[in-house]
Amino acid sequence: MSAASIHFLDAVVPTKGESEDKRQSSISVPSYSSVKPKLPVRWQAAMIALTCMCTFGHHWSNGLVTTLKTTIEHELKINNSEFATLVSVTNMVNTFLCIALGFIIDKYGGPLLSAILAAFCLAGAVVEAGATTDGLNSYHILMVGKIIAAIGGGSLDNAQHKIFTAYFAPGSGFAMSIGFIWSMANVAQYVGQSTANVMSQNLGSYSWPLWTGAIIGFFSFLCAVSVFVLDKYLRLSYEVIDHCEQSDQPSAGSVKGGPFNWSIVRQMPLTFWFVVLFATFQNAGMASFITVSTQFAQQRLQKGAVVGGWVSSFYLILPIGLTPFLGMFIDAYGRRVTILFLSACMFLISMLLLRFSQTVPTFICGYVFYALAGSITSAPQVEIIRSIIPDPHYYATAFAIKKSIIQGSVIIVVTATGKIQDLSSTNSLEGAVTVWLAYAFVSVLISGALLGACHTSLGQRYLPAVRLSQVRPKYVEKEVERLWELRRHTVTEEGPRDENLTPRQKDEALKRPLSSSVSLYARRVALGAGFIIVLIAWVIFGFGIDWGDHASATGE
């Protein structure tokens with residue numbers, strides 16, 4: 001018998017002098033996590049279904065106030081500036097709050113925060129409905145309800161994304177799951193908006209649509225609690241790979257991060273800030289146009305609120321079936337930046353048609369392009385944010401930074417366009433649509449620049465994460481090696497580097513900010529610009545309140 005065999009037997013066979021306890025303790029028992037079965041597909045499907053329903057009530061209720069704009073202005077006796085303040089207050093709440101909540105989501109996980117935030121959405125919906133019941137018609141109570149709902153709704157989608165970043169890897173179902181989220185969100189918004197004016201007219205009160213939204217919100221709250229319970233059960237019973245972590249190891253629960261550090265924000269790569277710049281115009285422009293879409297359709301078509309609501313809600317139908325398939329396409333083929341560019345082009349076409357159309361078919365076509373733009377703009381952005389940051393554990397923080405700046409941009413647009421409409425002698429929205437047209441044009445320029453960076457050597461050298469978000473997932477490792485060699489010969493300010501890195505470590509290194517003075521200055525400028533946008537939003541929000549009070553006092 002060989003020495004190696006004898007050594008092996010000595011290690012596993014106890015001698016006669018060993019006690020029974022020691023002999024049993026010498027037997028190696030696999031850890032609990034190693035004997036857990038693989039997570040079944042049916043449980044992944046259940047997690048997708050329940051998580052998608054967490055925001056169903058919020059999206060149902062969120063569009064009701066804007067759809068009922070004409071009725072609310074009449075019943076509450078408010079003007080366009082006051083209504084713009086009512087809508088903008090939800091964005092104001094989340095200019096800073098969503099950053100704090102983003103870090104909390106990273107720290108405590110998506111399931112727990114989904115339940116807490118869904119509770120805020122439910123409470124806000126109840127207060128909104130109560131403000132319009134039994135002739136109360138209180139503008140200020142309605143605003144309180146909007147604020148409470150905004151605390152939950154502003155970050156609830158972030159919590160949903162965080163759940164899916166843990167259960168699905170990029171290119172392995174993550175984009176598809178995001179597509180299902182937005183599909184269900186659009187179902188909720190479409191049904192809520194298209195039935196709001198019908199219920200208001202047939203049931204005799206505009207409080208009925210709001211109470212219906214509160215009931216749906218209670219259902220969503222139950223789904224959020226179910227997600228929290230199911231997540232605990234799955235992590236205890238199955239091998240759940242947390243794809244937020246740097247190493248693919250089974251996770252027993254949500255990873256608790258350390259105390260918040262602003263260096264996380266400062267270390268976001270320049271690529272991230274370009275995506276935020278795009279979203280500042282594209283996302284904010286599309287989100288703010290929703291606030292006047294029903295009234296604009298009423299004005300141009302010379303129809304009532306019901307027809308206007310149906311036409312303006314059309315943009316929600318197309319994403320219902322398209323977004324899941326778009327997610328599957330992204331999982332298989334990438335091309336995220338190309339899709340962003342297409343969405344910006346469609347947004348521009350829609351605003352051109354809506355602003356300058358002279359016939360009904362052309363006007364309706366504008367809403368069709370708006371629907372196409374909206375259906376393909378969310379999933380690729382979520383995927384890009386996840387794929388360009390070096391540490392996916394801080395996904396929720398990165399997403400929250402982007403959303404905070406978007407909220408500020410929305411406030412600026414909504415308040416400014418509300419004032420423009422008030423200055424019109426005919427209460428027309430024609431002049432206000434020009435603002436959204438300008439936003440769409442800038443979106444095309446930014447997304448075009450990002451697309452060019454994907455296919456030029458200069459862009460690939462200094463913004464390699466953009467290129468990596470564009471290629472097919474199965475070719476990412478090969479592309480990482482190519483970009484690693486390209487950077488070796490072009491970027492000289494980084495200094496010496498370790499050449500014995502794994503492909504995954506190289507991928508993370510490529511996504512980190514360049515250690516150069518130019519990169520540091522550019523990132524500081526981007527962070528400062530984001531802060532300035534939020535600051536301007538607060539200032540213009542104050543002007544909006546003053547404009548509304550002045551108009552009410554003068555009877556304008």
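Leaving aside its neighbours within four places in sequence, which residues is Phe 289 in contact with? In this predicted model, the contacts of Phe 289 are with Phe 296, Met 351, Leu 354, Tyr 367, Tyr 370 and Trp 436, once neighbours within four places in sequence are set aside.

The largest nonpolar core has 87 residues. Those with the most contacts inside this core are Phe 289 together with Tyr 167, Phe 272 and Met 351. Helix H13, which spans residues 270-301, supplies the largest share of the core, 14 residues. In soluble globular proteins, nonpolar side chains tend to be buried together.

Trp 436, one of the contacts of Phe 289, is also found where two helices meet. Two packed helices are described by the angle between their axes and the distance between the axes. For helix H19 (residues 395-423) and helix H20 (residues 430-455), the axes come within 8 Å and cross at roughly 155°. H19 is therefore roughly antiparallel to H20, because an angle over 145 degrees counts as such. On the H19 side, the residues are Ser 409, Val 413, Thr 417 and Ile 420. They meet Gly 431, Ala 432, Val 435, Trp 436 and Tyr 439 in H20. Sorted by class, the contact of H19 with H20 has six nonpolar and three polar residues, and no charged residues.

Two further positions were examined individually. Gly 152 lies in helix H9, which covers residues 139-167. The relative accessible area of Gly 152 is 0%, so this residue is buried. Not counting residues up to four places away in sequence, Gly 152 touches Leu 117, Phe 120 and Cys 121. A separation of 9.5 Å was computed between the C-alpha atoms of Gly 152 and Asn 94, which are 58 residues apart along the chain.

With a relative accessible area of 6%, Ser 207 is buried, because buried means under 20%. The side chain of Ser 207 makes a polar contact, at 2.8 Å, with the side chain of Ser 205. With neighbours within four places in sequence left aside, Ser 207 is in contact with Ala 129, Thr 132 and Thr 133.

Conventions:
Residues are numbered from 1 along each chain as its sequence is written. This is a predicted model: local features need pLDDT of at least 70, side-chain atom pairs count only at pLDDT 80 or more; totals for chains, interfaces and linings use all residues. Side-chain values use heavy atoms; hydrogens and water are left out. Helices (H or I, at least four residues) and strands (E, at least two) are DSSP runs, numbered from the N terminus. Buried means under 20% relative accessible area, exposed over 50%, partly exposed in between (1.4 Å probe, protein chains only). Contact means heavy atoms within 4.5 Å. A nonpolar core is a set of buried Ala, Val, Leu, Ile, Met, Phe, Trp, Tyr and Cys residues joined through side-chain atoms within 4.5 Å. Axes are lines fitted to C-alpha atoms, for helices over the stretch in contact, and angles run from 0 to 180 degrees between N-to-C directions. Angles under 35 degrees count as roughly parallel, over 145 as roughly antiparallel, 65 to 115 as roughly perpendicular and the rest as oblique. Ala, Val, Leu, Ile, Met, Phe, Trp, Tyr, Cys and Pro count as nonpolar, Asp, Glu, Lys and Arg as charged, and the others, Gly among them, as polar. A polar contact is a pair of N or O atoms within 3.5 Å; within protein, one must be able to donate a hydrogen and the other to accept it, and residues adjacent in sequence count only if both atoms are side-chain atoms.
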